[in-house]
Amino acid sequence: MDRLEKRKSLDIRFKGEEGTGLGPTYEYFTLLANNIKDAKDGKLWRVGSSDGSLFPSPVDHKTITEAQVTEVMNLFRLAGTFIAKSIVDDKLIDLPISNLMWDLLIGKKLNLFDLKDFDPAQFKLLCELQTVANRKREIEEMQCDLESKNRLKQGTRTASGTTLEDLSLYFILPNHHEEIELVHDGKNTEVTIDNVQEFIDLVLHSTFYDCVNLQLQAFKKGFNSVLPLDSIRTFATRGEIETMICGQLMDETEWKDIAKLKRAIKADHGFTSESQSYNDFLRFIVEMPIDFRSKFIQWLTGSKRLPKGGFCGLENQVSVNRVVDSSLRGVSPDEHCPSVNTCLHYVKFPAYSSYEVLQRKFE
């Protein structure tokens, strides 16, 4: 399939289900994004410890089998193709690719300080080790005898006052679920003041290049089959790319701004702006726990995040519509559950007797 064919919009229909349109299509994109994220029991990706973004989990080229290489390449090629396709089709997906991965994909050179936000623990460790490496360089440039230099080296400590011996580090890639040796017999090669700079350099090279290049090239091939990867260079920041792919993380004030919510969410078909149930619905959004917001957004739109502009940025305005009592067929309104058309963001529920009932039904 050529690039033009892949740019045609998808219209998904699930076998055995009658629904068509944006709802099933959004659900398909959501399900596939989750499967890619969870592939290989979640070990396909290294999750950023500070921002939750995705970066390729390192692979050991010395031990990986040909079948494993094929599997990893196919998965990353699929990820690249799928993300590019989501951009073309304007479908939000929950695959927050790390800014560092985008930087590597467009050829940017990374260094120690790029780890600061992505993996603060590893950044801190390598900075501690770098102070030792720098001190060793200073000692070697001193005008004194070899015995004095060795004595100074032995007394060298990290900025926190720890010796390398206390850290018990070996030439193995830190913070990884599998043992990847950085040198031959790395698991038995201890990090000392004489080789600490080599250890730092190898960790950075393995993290950003050697152990992830296979995945990056496969991802790039998949992405380029739909869109030229160079097209993302036009974005001012990598954060703009994430917003385009995953949607916007709404500012706390937007969730609390009742006036703005009233402009974005209209009362319709049986409800007015004065209706108690409509205003209870807005109150529910305002008071919604933070950890419930993504579930609510996915229920409402099919995606875990809202587009740029929040609720106001949705293609179809959210409407709150009343289920009339005559259609309940003898069932109490308080026993009826809310429903939604994710294509049109058309929310339906009866006039509940109280806010507490509405809250319970939506949770």
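This is a predicted model: local features need pLDDT of at least 70, side-chain atom pairs count only at pLDDT 80 or more; totals for chains, interfaces and linings use all residues.

Trainee: Why is the pair D94 and K37 called a salt bridge?

Mentor: The term requires a side-chain nitrogen of Lys or Arg within 4 Å of a carboxyl oxygen of Asp or Glu. The closest N and O atoms of D94 and K37 are 2.7 Å apart, so the pair meets that definition, and the structure holds eleven salt bridges.

Trainee: What parts does the pair D94 and K37 tie together?

Mentor: D94 lies in the loop between α3 (66–89) and α4 (99–105) and K37 lies in helix α2 (residues 22–38), so the pair links parts that are 57 residues apart in sequence. Helices here are DSSP runs of H or I with at least four residues, strands are runs of E with at least two, and both are numbered from the N terminus.

Trainee: How do you know whether D94 and K37 are buried or partly exposed?

Mentor: Buried means under 20% relative accessible area, exposed means over 50%, and partly exposed is in between, with a 1.4 Å probe and protein chains only. D94, with a relative accessible area of 19%, is therefore buried, whereas K37, with 22%, is partly exposed.

Trainee: What makes E138 and R135 a salt bridge, and where do they lie?

Mentor: Their closest N and O atoms are 3.4 Å apart, and they are three residues apart in helix α6 (residues 120–140), about one helical turn. E138 has 44% relative accessibility and counts as partly exposed, and R135, at 29%, counts as partly exposed too. Elsewhere, salt bridges that share partners join K37, D94 and K304 into one network.

Trainee: Why are α3 and α10 called oblique to each other?

Mentor: Angles under 35 degrees count as roughly parallel, over 145 as roughly antiparallel, 65 to 115 as roughly perpendicular and the rest as oblique. Axes are lines fitted to C-alpha atoms, for helices over the stretch in contact, and angles run from 0 to 180 degrees between N-to-C directions. The axes of α3 and helix α10 (residues 213–224) come within 7 Å and cross at roughly 40 degrees, and α3 and α10 are therefore oblique.

Trainee: What makes α6 and α7 roughly antiparallel?

Mentor: α6 and helix α7 (residues 146–154) pack at an angle of about 165 degrees, with their axes 10 Å apart, and that angle makes α6 roughly antiparallel to α7. The contact, meaning heavy atoms within 4.5 Å, is made by R135, K136, I139 and E140 of α6 and K149, L152 and K153 of α7.

Trainee: How do you know that the buried residues of α16 line one face of the helix?

Mentor: The buried residues of helix α16 (residues 355–362) are Y355, V357, L358 and F362. Seen down the axis of α16, they fall within an arc of 160 degrees, so they line one face, the arc being that of the directions from the helix axis to the C-beta atoms. These buried residues pack against α14 (276–287), α15 (293–301) and β6 (346–349).

Note on methods:
Residues are numbered from 1 along each chain as its sequence is written. Side-chain values use heavy atoms; hydrogens and water are left out.
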